[in-house]
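Trainee: Before we discuss the packing and the pocket, may I see the model?

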Amino acid sequence: MVSFSRVVKEEIVFNDFDQSCEKAILCAMIKIIGTLSLSQSGLALTLRTENAKIASKLHKLLKNIYQPHIEFMVSKKMKLKKNNIYILKVSKAREILDDLHLMQGIGFQSIPDAHLLQGEDERRAYLAGVFLSCGSVNNPDTSNYHLEMSVNEEEYASYIEQLMNHYELNAKMIKRRNKYVIYLKSAEKIGDFLRAIGASQSVMDFEMTRIDRSMANTVNRWNNCDIANEVKAMSASSAQIEDIAYVMDKIGLEMLDDKTRQIAILRLEHPELTLNELADEYFEVTGQTISKSGLHRRFKKIEEEALKLKQMENDKL
């Protein structure tokens with residue numbers, strides 16, 4: 001079975017980026033999975049990954065931007081699962097590292113050059129490169145939501161944490177053995193991060209699988225209750241979340257008014273709640289009251305926005 005991490009990474013790999021974003025991705029990936037060595041022909045750069053599609057993406061990016069000579073090799077990992085390791089030995093190492101402002105002494109600079117990551121697109125692309133190099137995320141059908149990226153240097157890990165928190169992701173950092181791990185535990189924040197790095201389809205799959213799992217768990221807890229009413233409520237919740245996820249993917253929840261956006265976030269966080277329970281949760285979070293009819297109107301507004309966006313999508317085809 002293909003892991004969800006691999007699905008996310010291979011979605012990112014097939015995205016198109018402009019050259020400044022391609023350089024941001026390369027900067028992150030060379031920093032994390034690259035090694036430098038000296039040979040008779042000068043400085044040599046070697047990149048290693050266990051994912052063939054990521055190796056192919058690296059090959060394409062380097063060729064498109066720098067036209068180096070690349071020696072492509074495959075070896076077998078000797079420990080554990082004995083996966084293939086794809087190795088790229090790249091010429092023009094000095095030229096590439098100078099252009100990406102990565103060179104420091106005889107190694108890599110700890111923090112990327114600010115000039116390389118001036119724009120939002122470049123910062124998102126850089127985070128995509130970090131995730132491609134050292135990221136993992138749990139399958140959404142588990143109850144333990146967890147996304148992490150691990151690097152060797154504390155200073156660099158702290159930089160990645162700050163870069164992620166630029167998007168209000170509440171990322172945290174811990175030391176685990178000889179690595180520094182930056183992680184997210186909230187399902188909502190994991191979805192936001194995946195969306196930021198260009199994995200929008202994976203976000204949709206993540207949200208829908210999470211909802212299905214939550215609904216299944218709720219069904220298992222049903223005893224001596226009115227099953228028909230509960231099923232109707234959960235079906236409505238699923239439809240509401242599908243509309244919210246579509247609007248989120250196409251234009252972002254920030255386009256909704258404050259009250260509707262807060263209700264949308266609460267519904268994503270609590271797919272199992274009835275409207276009465278959701279109204280209570282809204283009061284707990286905001287200190288403001290809202291009626292069932294008020295919730296209906298807000299969800300209707302989201303539904304209409306989703307329909308409008310779908311119509312616009314169809315009109316383009």
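Mentor: A helix here is a DSSP run of H or I with at least four residues, a strand is a run of E with at least two, and numbering starts at the N terminus. The model is predicted, so local features need pLDDT of at least 70 and side-chain atom pairs pLDDT 80 or more, while totals for chains, interfaces and linings use all residues. Residues are numbered from 1 along each chain as its sequence is written, and side-chain values use heavy atoms, without hydrogens or water.

Trainee: Which helix supplies the largest share of the lining of the second largest pocket?

Mentor: H7 does, with 5 residues. Helix H7 (187-196), helix H9 (227-250) and helix H10 (258-269) each give that lining at least two residues. The second largest pocket holds about 540 Å³ of space. Of its 20 lining residues, Tyr167, Asp192, Arg195, Leu253 and Glu254 are the closest to its centre.

Trainee: What makes up that lining by residue class?

Mentor: The lining has 8 nonpolar, 2 polar and 10 charged residues. Asp, Glu, Lys and Arg count as charged, Ala, Val, Leu, Ile, Met, Phe, Trp, Tyr, Cys and Pro as nonpolar, and the others, Gly among them, as polar.

Trainee: Why is H1 called oblique to H5?

Mentor: The axes of helix H1 (residues 4-13) and helix H5 (residues 120-134) come within 10 Å and cross at roughly 135 degrees. Angles under 35 degrees are roughly parallel, over 145 roughly antiparallel, 65 to 115 roughly perpendicular, and the rest oblique; H1 is therefore oblique to H5. In this pair, Ser5, Val8, Lys9, Ile12 and Val13 of H1 meet Ala128, Phe131 and Leu132 of H5, and the contact comprises 6 nonpolar, 1 polar and 1 charged residues.

Trainee: What is the relation between H2 and H3, and how do you know that?

Mentor: Helix H2 and helix H3 (residues 52-66) pack at about 125 degrees, with axes 10 Å apart. H2 and H3 are therefore oblique to each other. Their contact includes Leu26 and Met29 of H2 with Leu58 and Leu61 of H3, and has 10 nonpolar, 1 polar and 2 charged residues.

Trainee: Is the crossing of H2 and H5 left-handed or right-handed?

Mentor: H2 passes H5 in a right-handed crossing. Right-handed means that the near helix is turned clockwise from the far one by less than a right angle, and left-handed that it is turned anticlockwise. Helix H2 (residues 19-33) and H5 pack at about 35 degrees, their axes 7 Å apart. Their contact has 13 nonpolar, 3 polar and 2 charged residues. The crossing of H1 and H5, by contrast, is left-handed.

Technical notes: Axes are lines fitted to C-alpha atoms, for helices over the stretch in contact, and angles run from 0 to 180 degrees between N-to-C directions. Contact means heavy atoms within 4.5 Å. On a 1 Å grid over the protein atoms alone, a cavity is a set of points where a 1.4 Å probe fits but cannot get out, and a pocket is an open set with protein on both sides within 12 Å along at least five of seven lines; lining residues have an atom within 4 Å of a point. Grid points are joined across faces, edges and corners, and a volume is the space filled by probe spheres set on the points.
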